[in-house]
Amino acid sequence: MGKVWICILAALALSVAGCGITRTEGGEREAAEYTVLGADAVPPEVEKVITQQQGREFRMTYKSGGYLYLLRGYGPQESGGFSVQVEEVSVSDTALYFRTRLLGPAEEEQKKGESSEPWLVVKTEDPGVPVIFE
């Protein structure tokens, strides 16, 4: 039985050792300036990435021309009327933090039964630090 635990601990240690860890602690967060892009303002290359993620939840970034695009999709929902709200876009010395929330539909929207896949694209200047999706 002891050998089983040693094997499990060794496998766990190897899996953690293979992962890159970036230290993101420290430094105060400052609000970052950003723009929420409407579907008609999303660059074609970003739209292509979103299309490739269709049918699943996603948290992604895309860099282009000195800008950072933060992509957040909540995957298939059972009805229409869902939306995504930005709760935080902030930056510290070590990371950019991005937090959103899925808002449910109004009562009458739930009755329609049409499925939806709510997503959001935020454009901000690239601070050159890792992004933390919260």
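User: What lies 2.7 Å from a polar atom of the side chain of S116?
Analyst: The backbone oxygen of S79, at 2.7 Å from a polar atom of the S116 side chain. A polar contact here is a pair of N or O atoms within 3.5 Å; within protein, one must be able to donate a hydrogen and the other to accept it, and residues adjacent in sequence count only if both atoms are side-chain atoms.

User: Before going on, what are the ground rules?
Analyst: This is a predicted model, so local features need pLDDT of at least 70 and side-chain atom pairs count only at pLDDT 80 or more, while totals for chains, interfaces and linings use all residues. Residues are numbered from 1 along each chain as its sequence is written, and side-chain values use heavy atoms, with hydrogens and water left out.

User: Where does S116 lie?
Analyst: In the loop between α3 (107-112) and β7 (119-125). Helices (H or I, at least four residues) and strands (E, at least two) are DSSP runs numbered from the N terminus.

User: Is S116 buried or exposed?
Analyst: S116 counts as buried because its relative accessibility is 18%. Buried means under 20% relative accessible area, exposed over 50%, partly exposed in between (1.4 Å probe, protein chains only).

User: And which residues does S116 touch?
Analyst: Leaving out residues up to four places away in sequence, S116 touches G75, P76, Q77, S79, G80 and F82. Contact means heavy atoms within 4.5 Å.

User: Switching to the sheet with β7. What's the strand order?
Analyst: It's an open sheet of four strands, ordered β2-β7-β4-β3, with antiparallel pairing. β2 (35-37) and β3 (57-64) are at the edges with a single partner strand each, so one side of each has no neighbour in the sheet. On average, neighbouring strands are turned by 25° against each other, direction ignored. For pairing, DSSP has to find at least two bridges between two strands.

User: How many bridges join β4 to β7?
Analyst: Seven, and the two strands run antiparallel. L70 stands opposite V122 in β7.

User: And β2 with β7?
Analyst: That antiparallel pair has three bridges. V36 has V122 as its bridge partner, and T35 has K123.

User: Which strands does α2 lie across?
Analyst: Helix α2 (residues 44-52) lies across β3, β4 (67-74) and β7, running at about 160° to β3. Axes are lines fitted to C-alpha atoms, for helices over the stretch in contact, and angles run from 0 to 180 degrees between N-to-C directions.

User: Which residues of α2 are buried?
Analyst: V46, V49 and I50. They cover an arc of only 100° around the axis, which puts them on the same side of α2; the arc is that of the directions from the helix axis to the C-beta atoms. The buried residues of α2 pack against β3, β4 and β7, while P44 and K48 are exposed on the other side.

User: What about β5 and β6?
Analyst: Strand β5 (residues 83-91) and strand β6 (residues 96-103) pair in the antiparallel sense over eight bridges, and a hairpin joins them through four residues. In that pair, V84 stands opposite L102.

User: Parallel or antiparallel for β6 and β8?
Analyst: Parallel, with three bridges joining β6 to strand β8 (residues 131-133). F98 has F133 as its bridge partner.
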